[in-house]
Amino acid sequence: MSFDREHTVVRFDIVKNRRKFFIFSSAIIIIGFLFMMFQGLHLGVDFKAGTRLDIYVGKEFKPEDVEAVLKQEIPNVAFSKVTPYGQNQAYTRFDQTISSDTLMKTEAALKKKFGNQVTKQVSSVDPSIAQEMVKKAAIAVGIASLGIVIYIAIRFQVLFGIACVVGLLHDVIIPIALFSVFDLEVDITFIAALLTILGYSINDKIVIFDRIRENLRTMKSKTIPDLEHLVNVSLWQTMRRSVYTVATVFFTALAIAVLGSESIRNFSLALLFGLVSGTYSSIFIAAQVWVNLKERNMRKKKEA
C-alpha cells in the first residue's frame, strides 16, 4: 500500500481533531455521573428488593383509579407511580415483597373495578437475591471485559490492549449515564444488553486495530505526522464496514424498541445507546488513545 496521499481518501482528519472527541465523551460521562450522584439509577426489581406488578386492564383507565385500589388493598406499602404502557396495560413497583394472597385480593378488587378481563403478572425479588444479582452482574461484566483485554494484548500488543480498555469502559459508562439521565429502569436485561454491546464493540475495534497493524507493515511511520496519516487512512478504509455493520443491528433494535413489548424495551434502548457508543468509541476514542500512546513512545525514543 502506497503512502502517497493521492491514493488514499481521507474525507476528514479524525486524528487531528481527537481532542474534540475526548471532550465530547468526557462531557457526556460527567453529566451522567452528576445525574447518578444526585438522582441515582432507577434500579429494577432484579437489583432492588421488592415486587413489580404488571396489570392488564383491558380497557381505557385512569392511573389514579388503579392507584386508589392499590392503596386500599395494600396499605402502608410504598409503590411507584402507576405507569400505563402498551394496549391498556400498566405497571408499578412496590418497595417490599408482597405476598401472593395479598396480590390475589388486589387482582379481585381490580376485576371488581374494571371487569373480569383484568389479569396480573408479578415479579418479586427478596433482598438477599437482589444483592446477589448485583454482585453476579458486576462479575459477569468484569470477566467479559478482562477476557477481551487479555485477548487484544496477546493478539496485537499492549498499547492496543490499553486503548481497548479505555474504549470498552467508554462503551459501558455511556449507556449507564444515559439511563440515569433519562431515568430508565436498570434490570437484568440491561446487563444482557451491556454484554452484547461489548461483543459488538470489541469486534469493531479488532477490525480497526488489525487494519492499523497491517498498514504499519507497508506504510512508513517514522514521524508523528506519518503515524497520524496512517491511522486516518486505516480509519477511513474501515469506515464503511463499521457504519454498515452497526446500521443493520441499530435499525433492528430500533424496530424492537418501537414495536416490541414493554418487557424488552429497556434492552433495546440500552442496545441502541451502546451500538452508537461502541462504534463511536472504536473510531474516535480507542484508535485515538492508541495514537496518543504511540506518539508518546515515539517522543521518548527520540529524546533517548
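How do H6 and H8 run relative to each other, parallel or antiparallel? I will come to that pair in a moment. Please keep in mind that what we are looking at is a predicted model.

Some background for anyone new to helix packing. Two packed helices are described by the angle between their axes and by the distance between those axes. I will give both for each pair.

So, to the opening question. Helix H8 covers residues 265-303, and its axis comes within 8 Å of the axis of H6. The two cross at roughly 25 degrees. Angles under 35 degrees count as roughly parallel, and H6 and H8 are therefore roughly parallel to each other. The crossing of H6 past H8 is right-handed. Sorted by class, their contact has 17 nonpolar, eight polar and two charged residues.

Now the other partner of H6. Helix H6 takes in residues 188-218, and helix H7 takes in residues 224-259. Their axes lie 9 Å apart, and the packing angle is about 150 degrees. That makes H6 roughly antiparallel to H7, since the cut-off for that term is an angle over 145 degrees. Here too the crossing is right-handed. The residues in this contact divide into 11 nonpolar, six polar and three charged.

Which residues are they? On the H6 side, they include Tyr200, Asp204, Ile208, Arg211 and Asn215. On the H7 side, Leu227, Leu230, Ser234, Gln237 and Arg241 are among them.

Asn215 sits in helix H6. Is Asn215 buried or exposed? Its relative accessibility is 2%, so Asn215 counts as buried. The side chain of Asn215 makes a polar contact with the side chain of Ser234, at 2.7 Å. The Asn215 side chain also makes a polar contact with the side chain of Gln237, at 3.2 Å.

That brings us to Ser234, which belongs to helix H7. Ser234 counts as buried because its relative accessibility is 0%. Leaving aside residues up to four places away in sequence, Ser234 touches Arg211, Ile212 and Asn215. What does the side chain of Ser234 reach at 2.9 Å? The answer is the backbone oxygen of Leu230.

One last distance, for orientation. Ser234 and Phe156 are 78 residues apart along the chain, and their C-alpha atoms are separated by 16 Å.

To recap: H6 is roughly parallel to H8 and roughly antiparallel to H7. The side chains of Asn215 and Ser234 are joined by a polar contact.

Conventions. Residues numbered from 1 in each chain as written. Predicted model: local features only at pLDDT ≥ 70, side-chain atom pairs only at ≥ 80, totals over all residues. Heavy atoms only, no water. Axes fitted to C-alpha atoms, helices over the stretch in contact; angles between N-to-C directions. Helix = DSSP H or I, 4+ residues; strand = E, 2+ residues; numbered from the N terminus. Parallel < 35°, antiparallel > 145°, perpendicular 65-115°, else oblique. Left-handed = near helix turned anticlockwise from the far one by under 90°. Contact = heavy atoms within 4.5 Å. Nonpolar A, V, L, I, M, F, W, Y, C, P; charged D, E, K, R; others polar. Buried < 20%, exposed > 50% of the residue type's maximum accessible area, 1.4 Å probe, protein only. Polar contact = N/O pair within 3.5 Å; in protein donor to acceptor, adjacent residues only side chain to side chain.
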